[in-house]
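Q: I would like to learn how to read a few features of a protein model. Could you take me through them one at a time?

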Amino acid sequence: MACNTDTTDHEYEAQTTKINQFLQNVDHKIVVMSGKGGVGKSTVATNLAVFLSNQGYKVGLLDVDVHGPSIAGLLGLTNLKLNIIGDKIQAYPYTDHLKVVSIQGLLDTPDQPLIWRGPLKIGIIRQFLSDVIWGPLDYLIIDSPPGTGDEPLTIAQTVTDCQAIIVTTPQEISLADVRKSIEFCHKVNLPILGLVENMSGFVCPSCGNMHDIFKSGGGETTAATSDIPFLGRLPIDPSVVTAGDNGEAMDSLTSPIKAEMQSIIGKIIDQLSNKQKGADSAMKIAIPLAGGKLATHFGHCQEFAIITINNGTVIKHETSTPPPHAPGVIPNWVADLGCTDIIVGGMGEAAQSILSARNVKVMAGAPSLDPEKLVALYLNGELTDSGNACEHDHEGHECGHH
Ligand code: ADP
């Protein structure tokens with residue numbers, strides 16, 4: 001199968017459509033990243049995929065480390081050959097629940113070095129998302145090469161609702177690089193699910209005591225200072241190397257690292273379900289404006305701020321011009337916009353009852369402040385609803401129309 005990098009705009013758009021069609025049917029997309037190589041990123045990605053699939057999830061594991069693909073080796077698939085059916089690549093069925101795709105499966109020999117420039121790499125990653133027969137997936141786990149180059153950038157730009165797990169070792173040199181990865185995620189709007197500190201302490205097989213070879217806790221501190229979730233620590237465990245070299249995952253081990261990995265996965269699943277709940281309870285708040293601040297005259301304001309909140313943070317701030325005033329028009333317009341809440345100074349009973357019939361929550365009696373300030377007060381429970389703040393309106397008009 002030829003690598004398709006010389007695409008026209010039309011072909012590029014058609015491919016984007018195919019990618020989005022595939023991604024729409026995958027519940028969770030996770031890219032595993034690291035600042036440096038050799039910190040155990042592929043080990044974490046592979047074990048994440050294996051453990052999730054053992055829990056009954058349908059998982060796709062995609063290795064986009066074009067220069068140093070290691071997923072196949074970690075799964076014992078050193079001679080992986082991906083089947084091509086027509087113009088599609090068949091994902092390799094490692095088990096009923098785990099499918100694997102790696103550039104290694106398209107090479108003539110596993111040790112063949114690849115000298116690829118950016119556009120070629122971007123092309124093959126996009127093809128892995130558009131032209132692979134994956135089957136239905138609950139999770140797509142993507143192993144990205146270390147650093148902040150073309151591969152993670154392509155993933156961030158192409159897999160729009162992807163989330164990142166960052167793997168680091170505890171020593172400062174690794175942490176310095178991890179801070180760059182965190183910065184990168186913020187810049188490209190890639191939400192971070194959390195940080196894993198790998199090779200954190202060593203359990204001595206002879207004495208059974210824990211020794212902090214590379215120190216430990218640096219990852220947790222970095223997570224705390226960067227305000228990202230800390231998912232857990234994995235100790236250095238010589239049996240991981242042997243298992244990895246034999247193509248076996250950690251679930252085949254009797255070592256305590258298995259329980260640590262399980263706990264990390266439990267936290268990831270919790271994070272995802274909390275985010276899902278947050279997304280389900282996303283709010284869209286309307287605020288009537290005059291001169292950039294809350295307008296006391298709801299029915300006659302020039303424009304509305306429409307602020308979307310997800311997980312307690314503002315993700316979108318738009319302004320919208322309402323239709324000309326007539327009784328009932330503006331409350332219905334606010335509801336039609338999909339607003340869940342409205343913050344106003346005063347509002348008549350008629351408008352309030354239309355809004356409540358349309359499940360839009362009204363917060364009346366708010367002060368004339370900047371809309372984001374009002375939203376922050378509202379989310380913190382610091383605004384008190386004064387009920388029907390507009391006492392003159394008993395005739396079916398919004399406040400301000402007397
Ligand atoms: P990366 O993807 O960051 O380059 P790998 O996952 O390929 O790193 O791991 C590099 C090497 O370190 C592998 O040989 C792997 O088996 C080993 N390794 C990873 N995590 C651990 C651990 N917790 N204990 C011992 N060895 C580990």
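Q: Which strands form a hairpin, and how many residues are between them?
A: Strands are DSSP runs of E with at least two residues, and helices are runs of H or I with at least four, both numbered from the N terminus; two strands pair if DSSP finds at least two bridges between them. Here β5 and β6 make up a hairpin, with 4 residues between them. This is a predicted model, in which local features need pLDDT of at least 70 and side-chain atom pairs count only at pLDDT 80 or more, while totals for chains, interfaces and linings use all residues. Residues are numbered from 1 along each chain as its sequence is written, and side-chain values use heavy atoms, with hydrogens and water left out.

Q: How do β5 and β6 run, parallel or antiparallel?
A: Strand β5 (residues 92-93) is joined to β6 by 2 bridges, and the two run antiparallel, with P93 standing opposite K99 in β6. Strand β2 (residues 59-63), by contrast, pairs with β6 in the parallel sense over 5 bridges, and D63 stands opposite S102.

Q: Are the residues of β6 buried or exposed?
A: A residue is buried under 20% relative accessible area, exposed over 50%, and partly exposed in between (1.4 Å probe, protein chains only). In a regular strand the side chains alternate between the two faces of the sheet. In strand β6 (residues 98-102), 5 of its 5 residues are buried, with L98, V100 and S102 on one side and K99 and V101 on the other.

Q: Which strands stand at the edges of the open sheet, and why is one side of each left without a neighbour?
A: The open sheet has 3 strands in the order β3-β4-β7, with mixed pairing. β3 (84-85) and β7 (132-133) stand at the edges, and each has a single partner strand, so one side of each has no neighbour in the sheet. Strand β4 (residues 88-90) and β7 run parallel and are joined by 2 bridges, and the bridge partner of Q90 in β7 is I133.

Q: Which residues come nearest to the ligand?
A: A residue is near a molecule if one of its heavy atoms lies within 4 Å of it. Of the 15 residues around the ligand, G38, K41, S42, T43 and P235 come nearest. A backbone N or O atom of G38 lies 2.8 Å from an oxygen atom of the ligand, and for a backbone N or O atom of K41 the distance to a ligand oxygen atom is 2.9 Å.

Note on methods. A polar contact is a pair of N or O atoms within 3.5 Å; within protein, one must be able to donate a hydrogen and the other to accept it, and residues adjacent in sequence count only if both atoms are side-chain atoms.
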